[in-house]
Amino acid sequence: MTETTLPGFARLGLVRAGYELKQFFREREQVIFVFSLPVVLLMLFGSVFEGEWDGTGVTVAEVYTAGMIGAGVLAVSFQNLGISIAMEREDGTLKRLAGTPMPPASYFLGKILSVLVMGVCELVLLLTVAVLLYGLELPSDWLTLGWVLTLGLAAGCLLGIAISSLPRSARSASAVVTLPFLVLQFISGVFIPFTELPAWLVNVSSIFPLKWMCQGVRSVILGPGGQSLEMTGSYELGRVALVLGAWVVGGLVLCLITFRWKSRRDG
């Protein structure tokens, strides 16, 4: 009798990612909400606030496109994982998975890979809308856009996993995760330009990754003309990488400290 060996954690992670994506795309309401909300907001703000920023050659639609890309990509990682994992903990899915031979790393790898696919879909959808409706030119610096969104996705995934342990129940998960993220969007330059915000709010937003994600995306979408719209007159890409990298490390530490496989009622 030969001993059966399980596939490596990476292969199991790919299988888990496929399962996660199938589950996600079967829930039509969830798919519509996740992908349509940033698009609807982009169309709304892009239509209401028209024209260019004085002396920059940058259109208002371009600014909102960059902001919605940053917010949309972080939403599919931080918000999506924070809520979905809390629900899986509540209904016993995590408890059952913890009792299977599947390595925990495969579960998290599957989550992250599925989020990566959703993030790419979000990016393509928003760019398509911006090109067709507002004449946006596709970015040329894909390398910068790639590392900014990759670091942002990594930070968002880890923070989403960490915050999933905060809600006391699945019912409260949406409020616990969505409300602070919504507030963060308003103070991070997604909906309201930094020039319209008080300095102390800008300082608060500078602590969190969303502000830096959007700033990195603006460097690609707006180009040199948009630097004058930044608080420092520069995109500060070095600092963008430093802050997002710090949040990746910090998010990993928070995951290791806070993550639970069981709900509070299970002990």
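Predicted model: local features only at pLDDT ≥ 70, side-chain atom pairs only at ≥ 80, totals over all residues.

Colleague: Start with H2. What span should its 21 residues have?

Modeller: Helix H2 covers residues 28-48, and at 1.5 Å a residue it should span 30 Å. The end C-alpha atoms are 29 Å apart, which agrees.

Colleague: Where is the kink in H2?

Modeller: At serine 36, shortly before proline 38, and the kink is about 40 degrees.

Colleague: Which residues of H2 are buried?

Modeller: Val31, Val34, Phe35, Pro38, Val39, Leu41, Leu42, Phe45 and Gly46.

Colleague: And what do the buried residues of H2 pack against?

Modeller: Three helices are involved: H1 (9-26), H3 (60-90) and H5 (104-134).

Colleague: Which residues of H7 are buried, and what covers them?

Modeller: The buried ones are Ala173, Val177, Phe181, Leu184, Gln185 and Ile187. Their cover includes H3, H6 (142-163), H8 (199-205) and H9 (209-221).

Colleague: Switching to rings. How many aromatic pairs are there?

Modeller: The count is 13 aromatic pairs. One of them joins phenylalanine 45 and phenylalanine 191, which are stacked at 5.5 Å centre to centre with 25 degrees between the planes.

Colleague: Why does that pair tie together parts that are apart in sequence?

Modeller: Because phenylalanine 45 lies in helix H2 while phenylalanine 191 is in the loop between H7 and H8, parts 146 residues apart in sequence. Both phenylalanine 45 and phenylalanine 191 are buried.

Colleague: What about tyrosine 107 and tryptophan 261?

Modeller: That aromatic pair is tilted, at 5.8 Å between centres and 55 degrees between planes. Tyrosine 107 belongs to H5 and tryptophan 261 to the segment after helix H10 (237-258), so the pair links parts 154 residues apart in sequence.

Colleague: Is tryptophan 261 buried or partly exposed?

Modeller: Partly exposed, with a relative accessible area of 25%. Tyrosine 107 is buried, at 0%.

Colleague: Which residues do ring pairs link into a cluster?

Modeller: Phe45, Tyr64, Phe186 and Phe191.

Colleague: Last topic, charges. What sits over the ring of phenylalanine 259?

Modeller: The charged end of arginine 89, 5.1 Å from the ring centre. Lysine 211 lies over the face of tryptophan 212, 3.7 Å from the ring centre.

Note on methods:
Residues numbered from 1 in each chain as written. Heavy atoms only, no water. Helix = DSSP H or I, 4+ residues; strand = E, 2+ residues; numbered from the N terminus. Expected span 1.5 Å × (residues − 1). Bend = angle between axes of the 7 residues up to and from the residue. Buried < 20%, exposed > 50% of the residue type's maximum accessible area, 1.4 Å probe, protein only. Contact = heavy atoms within 4.5 Å. Phe/Tyr/Trp six-rings, centres within 6.5 Å; stacked < 30°, edge-to-face > 60°. Lys NZ or Arg CZ within 6 Å of the ring centre and 35° of its normal.
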